[in-house]
Amino acid sequence: MNRASVLAPRVIFGVFELITGILLVKNPQGFAKTVVLVFGLVLLLAGAAMLVTAARQGRGRAWKAGGIVALVLGAVCLLLPRWITGLFSLGAVLYGVILLLSGLAKYQDCKVSRRGLFGKLSALGTALFGLWAIFHPFGTVAAALRILGIVLIIQAALDLAAAIWSGKNLA
């Protein structure tokens, strides 16, 4: 087996992870918008392909309907990317409500069962993070994307190190 054919995909993927991680840490909002735009373009192409396939090969209504839905969703992503990324904030608010209620329920459980201070502090921390997510939804999304970026950078460093180490063993 050729050493380059084994290492090249690992190194390319590691570099891609590294670049993605850096972009997420540097500009999470811009990265999210770019992902929405690329996804919209992919949906447009897939929808057009489905409609052409349905017309040429006489496929059923499901192919035509799927193509139309993909075209509409793709157009929404391309024309309203901020609206789509705003849905991320809605998800953060909903998650914040869940965290708030969970934290309050845990605190109540700790109080009833007479658990220690650590349980109460943990429950209050969960509730406070839930409040932060509710009142700062895009800040929550941006923080989550930045954390994801940091994880990707670490993963890329480990993947690249593993590729280099395994490449030395192939020689």
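Cysteine 110 is buried, with a relative accessible area of 3%, where buried means under 20% relative accessible area, exposed over 50% and partly exposed in between, with a 1.4 Å probe and protein chains only. This is a predicted model, in which local features need pLDDT of at least 70 and side-chain atom pairs count only at pLDDT 80 or more, while totals for chains, interfaces and linings use all residues. Residues are numbered from 1 along each chain as its sequence is written, and side-chain values use heavy atoms, leaving out hydrogens and water.

Cysteine 77 is likewise buried, at 7% relative accessible area. A search of the whole structure finds zero disulfides, a disulfide being a pair of cysteine sulfur atoms within 2.5 Å.

Helix H2 covers residues 28-57, helices here being DSSP runs of H or I with at least four residues, numbered from the N terminus. Its 30 residues reach 42 Å from the first C-alpha to the last, close to the 44 Å expected at 1.5 Å a residue, a span taken as 1.5 Å times one less than the number of residues. Among the buried residues of H2 are Ala32, Val36, Gly40 and Leu43. An α-helix has 3.6 residues a turn, so residues three or four places apart point the same way. After H2 comes glycine 58, whose phi is positive, near 65°.

Leucine 45 also belongs to H2, but at 57% relative accessibility this leucine counts as exposed. Leu45 is one of the residues that make a nonpolar surface patch of about 920 Å², together with others including Leu41, Trp83 and Leu94. The largest share of that patch, four residues, comes from H4.

Notes: Helix = DSSP H or I, 4+ residues; strand = E, 2+ residues; numbered from the N terminus. Patch = residues over 30% accessible without salt bridge, like charges linked within 9 Å, V, L, I, M, F, W, Y side chains within 5 Å. Areas by Shrake-Rupley, 256 points an atom, 1.4 Å probe, with all protein chains shown as cover. Salt bridge = Lys/Arg side-chain N within 4 Å of Asp/Glu carboxyl O.
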